[in-house]
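Hi everyone, thanks for coming.

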Amino acid sequence: MPSTTRSDAPTELRTVSKSVDEISPCDGPPQKVQMKKQLGLLEGCAIILGIIIGSGVFVSPKGVIQEVNAVGTSLLIWVVCGLLSMIGALCYAELGTLIPKSGGDYAYILEAFGPLPAFLYLWDATFIFVPTTNAIMGMTFASYVLQPFFHSDCQIPGLCIQLLAAVTICLLTFINCYDIKSTTKLQNVIMFAKIGALVIIVLVGLVWMFLGHTENFDAPFADTETDPGKLSVAFYSGIFSYAGWNYLNFMTEELREPYKNLPRAIFISLPLVTVIYVLANMAYLAVLTPQELVASNAIAVTFGNKVMGVMAWVIPLMVAISSFGGLSVHIMTSSRMCFVGARNGHMPAILSHININKFSPTPSLVFLCILSLIMLCISDVYVLITYCSIVESTFIMLSVGAVLYFRYKYPKKERPIKVSLWIPIVFCLICAFLIVVPCYVAPYEVVMGILITVTGIPFYYMGVVWQRKPRWLTTVIVSGTHVCQKLFLSATEEKED
């Protein structure tokens, strides 16, 4: 970790960007080395929908039904999780317009609670949340692509899945580095494909019910589970499928007219996702019994095989496309958090640099790609997500708590979006419940998540607080930065005049 922010960096580190500019090709008037505002309302919606509608709704809705044991209660939880996500998204709309900076949760925690909590969030996100999610998305995509090449009774070799996932992560990282416009166009197309796939599922389910198959809804709330621990786990499963509604805030600085397009994208995307998710789960539950849902590892595929006949192949194809698009969006948005963290001196300085030709945060993209490839080699990457899920929820609660803090600290500051005070209060209370209950239900996982987080504290003090590093160490850091700058043709960001 570097000991200095960009403004305090050694002279030789600052001037190297000039030498890169001098040797770089230039076809027209020189442009500032900075992230370009290339995202409009459609792209904003594609980012939110691309992250939320990953593979989760096609693969793992059983996480809710297996905990609550009742069809009606399951659908109710999906509705509540959607409403909770919308409440949280409203808070992020206010934060994003009050603090129009990229970085999302990291930026808001930094502004409200200081550098150490922000650094710990960045630590967990960079080394656990982001690379493990990339690895899981990549393996999900690879599994669905490879499935047609293997007999139904044969298990796909793990090495094949890992290799294809690695190629996919590298390919999408390259596309994100090479051309942001091409990436956003790809995401726009995939967004409509995802919505189309879910609409097909909903329509098939409705036709099935109109044909008289409504027996699964005869006693919707019978045998409902009342244990608070199991209910909280069910909520976690539902919220996991809605995860990603805050990711557009990671790219606020690249959004055209953020004061308008950020809240509009949120207000369009979240209600749309909630309606589609509830209807899709209703379709699943109409066709499949709760026992069939729990027994299935890919619910949408089981659904298609049962009622879609020769067209069942559409579902695995759509799941693969959805996973591919979700991974692309996740790679793009998460790199901005890493970029902003480095810009504030909380990560190595090279990660705050931008390619001088493509204006993309190439070093951050490549760094997270390497971490994701490492996660592919871990035998049980899912356990890391389990360990840190409670910690991530805590940081989200802190981010929303920042709304209350800023209302107290800056009561007269202009807010283009201003939510009612009860909204962040209710969200924080629900988050607190979802944090406290697992401490009783799964204490080992909670402790492991806390331990992973606190391991970042020594790195914070050595990398950020410790300013008087030995000269030899400073020389090594600067030399490494110079080499990476030449490798990535990157330079430090130039601010507006």
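Glu 254 and Arg 336 are both buried, where buried means under 20% relative accessible area, exposed means over 50%, and partly exposed is in between, using a 1.4 Å probe and protein chains only. These two residues form a salt bridge, and their closest N and O atoms are 2.8 Å apart. By salt bridge I mean a side-chain nitrogen of Lys or Arg within 4 Å of a carboxyl oxygen of Asp or Glu. Glu 254 is in the loop between H10 and H11, while Arg 336 is in helix H14, so the pair links distant parts of the chain, 82 residues apart. The helices here are DSSP runs of H or I with at least four residues, strands are runs of E with at least two, and both are numbered from the N terminus.

A quick word on the source: this is a predicted model, where local features need pLDDT of at least 70, side-chain atom pairs count only at pLDDT 80 or more, and totals for chains, interfaces and linings use all residues. Residues are numbered from 1 along each chain as its sequence is written, and side-chain values use heavy atoms, with hydrogens and water left out.

Back to the salt bridges. How many does a search of the whole structure find? The search gives 7. One of them joins the side chains of Arg 343 and Glu 253, at 2.8 Å from N to O. That pair also links distant parts of the chain, with Arg 343 in helix H14 and Glu 253 in the loop between helix H10 (228-242) and helix H11 (258-287), 90 residues apart. Both Arg 343 and Glu 253 are buried.

Now look at Glu 292 and Lys 306, whose side chains meet in a salt bridge at 3.3 Å, N to O. Glu 292 lies in helix H12 (residues 290-295) and Lys 306 in helix H13, so this pair ties together parts that are 14 residues apart in sequence. Are these two buried or partly exposed? Glu 292 is partly exposed, because its relative accessible area is 31%, and Lys 306 is partly exposed too, at 41%. There is also a network of salt bridges linking Glu 94, Arg 407 and Arg 415.

Next, the nonpolar side of things. In soluble globular proteins, nonpolar side chains tend to be buried together. A nonpolar core is a set of buried Ala, Val, Leu, Ile, Met, Phe, Trp, Tyr and Cys residues joined through side-chain atoms within 4.5 Å. The largest one here has 148 residues, and Phe 58, Tyr 121, Leu 198, Ile 201 and Tyr 277 touch the most other members. Its largest share, 17 residues, comes from H7. Beyond its neighbours within four places in sequence, Phe 58 is in contact (heavy atoms within 4.5 Å) with residues including Leu 198, Ile 201, Tyr 284 and Val 319.

Thr 132 sits in helix H7, residues 115-146. Why does Thr 132 count as buried? Because its relative accessibility is 0%. Its side chain reaches the backbone oxygen of Phe 129 at 3.2 Å. Thr 362 is in helix H15, residues 362-376, and counts as buried because its relative accessible area is 8%. Leaving aside neighbours within four places in sequence, Thr 362 is in contact with Cys 177, His 353, Asn 355 and Phe 488.

Note on methods
Polar contact = N/O pair within 3.5 Å; in protein donor to acceptor, adjacent residues only side chain to side chain.
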